[in-house]
Amino acid sequence: MTCTHHSLPRGRGVDTSSCKGISNGMSCNATCDVGFSGSSTSVACTETGDFVGEAPACKVQTCDVPASLNNDMYKHTCRGKKHGSKCSVMCRGGHKGENAKWKCFAGNFSGALPTCMGKPCKRGLPRRRGVDSSACKDTITGESCAASCKRGYTPTGSGNTTCTADGWFTPTDFWCQPALCGNLSSLTAFQGPSIRHSCEDEAFGRKCLASCAWGYKGSPVGLMCDAAADTMVAQGFIEKKTGLLATAQGVAPTCLGRPCSYRMPRMRGVSHDCQGKLTGESCTVSSSAGFTVVGGSATLTCGLRGAFEGTMPVISPASCPDPSFESDVAHECTSKKFGMSCWAYCKTGSGAAKKYVCYMGGSGSTLDLFAATSNISCTRGGGRLLRDSGRQLVASCTSASATTAGLDAAGGGYSFGTCLGLADGSACIVTCADGYNMSDASPPTWTCTSAALFGVKPTCVPVACTYNLPSGVGVSHDCSGVGTGSSCIAGCGAGYALASGTTSESFTCNWDGNFIGSAPSCVALPCATLQLSAYYQSDCANITTGSSCYVSCGYGYELSGNITQQTCETNGTFSGSMPSCMSKLCTSGVPEDADLNASSGCSGLRTGESCNVGCANGYAGNASSFSCAASGFVNGTKPTCTPLKCSVPQDLAAGGRAVDTCSGLSYGEQCLVGCAFGYQLTGSASAAQWTCDVNGSASGEVALTGSMPPCELIPCLYGLPAGDDFSSNCSSAGFGQSCLMSCATGYQGAATWLSCGEGQLFSGQAPSCSTRFCPNRTFPAGIHDNCGSTEFQGSCWATCAAGYRSEGVALAELTCNVSDMASAANGIALIGSNPSCQTRPCSFGLPQGLGYSHNCSGAATGQACTVSCSMGYNGTEVKQLVCDADEALKGELPGCVATATLALLVVHGKMSLTVSNAAEFIIDLAAKAGIAQSLASVAQVDVSQVSVVLSLGSRRLMGRQLADPQVDVAYNITLTSASPGDAAKAATSLVKVMTKVSNAEMGAWIVQQIASNPNRVGTYTITVTSRSAGGSIVSSDGSVQELNLDKPNPASGAKSDYSFAGACFLWFMLAAMPLLF
């Protein structure tokens, strides 16, 4: 006897494979499986068919963590893992890579180390003005890099730094200082008095102006310090607009002197070449014809302030020679100078006084007195003696006489020299003095009487001085229109003040048209300080009235257009437009460390704009303000941001999951979440990697995020009873869980509980299971079976009962097996198809004679029909007949007695049909009903008067293939008439109706009738190939009359194939009709 496997000793790691199949009296060894250690035991097979012996004590082996995992690159969940367990290895902080899965097998781990790559450092990158940290971009954990200085900066300290595992670069003392430019004045193009600049001791990136000095004009130039090796040839300066070196042709401003307009020599009789002289140029001042220079010609220089500098020469008019007139002419023309006029008049006789002028002759070389109109001409006669030049009279009129007459009054402007020393009774003329214009046509005559002068004063108008008006920078005066003898004041105009220790000066209008006096010394006042915002820079410090300066864009701002000019006006303010300046975009210094959040406006800052830099989500610390400096660097003190700590949620270890490396995790760090003791990862899954990350809330708090690892209880693998008769839910039962061991489907018995204990070993008894019987199937009528007590996985048979015929398989085999059919019980049922059994029509026992009316034709096994008395017979009973299994109708007929003579017309015919799927067609009740309905419709009778029998005919060869088999149709149409004559008339009418329908129409009609029946089995293609019919009349007395129904075939035009038999045959047909149909 072979021992059953149920009795083998069970235990964790126990291998009893050598014991299977051994017989009574034999023994075998139970050993420890791979991954377990322990001594084997002996097991014997006894006479009872049970094994006897103890299972060995097998201890699972633990895998030691290899040294390759004990470094700073990896962290793992492999400590303490036992045989068959799995663990995960991941890259430690500062590294990245796919996790690796390791397996403990037989005391050793197997698995590949993950490929760990260092992560780029994103915190602590050197960030100072001028520092270039581009070499440190993408520097990963463990790598070093060196920061350097950008162009125009000089280094201090070492720029070497290393990327550490915490994502920080090691700190450095590296600084970059902007380099200094030299002195622009050392460049030849910027030397000389015509150029001024503010470009001294400028640092890299700073801007300055070079413009024309006072007294010069020209466009200013904006320069920038670009203190680099390739620009130091120009002391480090370049033109801001073009980038050209300051030494390049055309960069330095082209400065031209301004023309002088103040202290231009404007004395009477002056000659000079000073007009149009520019700053620094000289001119010579001398006298024009008719004038002389006292002390020789003088040289003047055009000064920076627009005034000629130097001592003006003294210009004196030359004297005309005294005139020589006739003795009878008196005059006042002695010692006349160039430009002066005088009068001559007749002492005796008559003649008009004449005016003479001292000027150059026609050739322009002789200075003399010339008559203004015509020379004087005196005619001697008895006229009055105006002045006796021969006989001297006692003088009686003197200067006192002139004073008394008011001729020497201040401002009078009279010339009365001819009246002084005039003898009493003598006459003279009074004219206007030099510097006055006489409005009278000729001078009036005055007489000296008793030492007093009498006469009419001429009208003398002082001539306005037009020469040598007060002139000088800032000098103002009220001398315009001031005439001879009058004075005016020269002071300082708006924007100017008298020099210390000086006062305003008085000017007097001299007879010769020159103002006499010295211009005051005026000092230009400084304009109020030009208040400029940081947008601008200028050279407008200490600018005084009338001077100009330039305004450009300040450090950190870009010029759009040209530098503009500002002029210090006399009211002490500047006039002029401001340049268009745009703040410069800061291109460096924006904090980019991963622990900072500079997204709140720090990108795209322009000079002067500020932003707040706080700690990024996941970090804690106070925000700091950063601003865009003029240097293009965003300045500010980086806030100290500390990564937040993630706490381990209490429910993380729920569901058999264990947190291995997640305690004390900081933001951005990762850990592994594996399975707790007694659990294992499902399938090929690995431990889940969790990250201390921002939890998505507005507060920026952190939390551990990640997917839970798929953990399942480690199932018990040992001690589970085996056999096809058992079923359990123990496949996933783990330590401490119980599972139900029950009888499998098809078996029965009480279920038992098993417990999964230590060592993955099940404990408990297996159930006692016996075979179940299938529930009996309820077969349709007409089927006989032997399936009443079929055991699980056994078979039985079913066939057609008496009175039924088989359509297809006559004998069907059914199997008892697992099933989900509705008829199943306890999960099992008979599987297999029932045989197709069709009832047989009863062909015996049909009611005979004309006295019965019935519907028994075609009644099949088990069906009932009714029989009553026909018309013309007495009897009211209705009897029922039943078709028995022996194919005979059984039951009692009614009693019917004839009352009159009747005739029965019977038309019987045949049709041949070609039908697709003929075998299905002849058993389809819908097909049979469709043919009957079609015949009734054509014959115009009720369908109850039509009976039809279908049978399968032969198959014809069409070409090389067999055509669809023929279906033969036999039918009867029965009509009752009052007499044989009426029956004959009805037959003639019926034939006429029938012959009107062609074979094609008949086939279409049949198809239509079948298609309209919802109970049809299939769909068919039908062709009517032939039709034939015959008929007879049976009288109530039993006599039979043969009918001649031979008519042309409506389908082909040939004679229809009607056949008629003798009376006996027709009577037999009538009698046997119920059996055939």
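In this predicted model, Cys181 and Cys225 are joined by a disulfide, with an S to S distance of 2.0 Å. The torsion about their S-S bond comes out at about 105°, so this bridge is right-handed. Cys181 sits in the loop between strand S18 (175-178) and strand S19 (195-197), while Cys225 belongs to strand S22 (residues 221-225), so the pair ties together parts that are 44 residues apart in sequence. Cys181 and Cys225 are both buried.

Another of them links Cys63 and Cys104, whose sulfur atoms are 1.9 Å apart. Here the S-S torsion is about 90°, so the Cys63-Cys104 disulfide is right-handed. It connects distant parts of the chain, 41 residues apart, with Cys63 in the loop between strand S6 (59-60) and strand S7 (74-76) and Cys104 in strand S10 (residues 100-105). Both of these cysteines, Cys63 and Cys104, are buried.

Cys91 and Cys116 make a disulfide too, at 2.0 Å from S to S. Their S-S torsion is about -90°, so this one is left-handed. Like the others described here, Cys91 and Cys116 are both buried.

Turning to the strands, four of them form an open antiparallel sheet in the order S74-S75-S77-S78. Strand S74 (783-785) and strand S78 (828-831) are at the edges, each pairing on one side only. From one strand to the next, the twist averages 25°. S74 pairs with strand S75 (residues 795-800) in the antiparallel sense over three bridges, and Ile783 stands opposite Cys800 in S75.

Conventions. Residues numbered from 1 in each chain as written. Predicted model: local features only at pLDDT ≥ 70, side-chain atom pairs only at ≥ 80, totals over all residues. Heavy atoms only, no water. Pairing = 2+ DSSP bridges. Helix = DSSP H or I, 4+ residues; strand = E, 2+ residues; numbered from the N terminus. Axes fitted to C-alpha atoms, helices over the stretch in contact; angles between N-to-C directions. Disulfide = S-S within 2.5 Å. Buried < 20%, exposed > 50% of the residue type's maximum accessible area, 1.4 Å probe, protein only.
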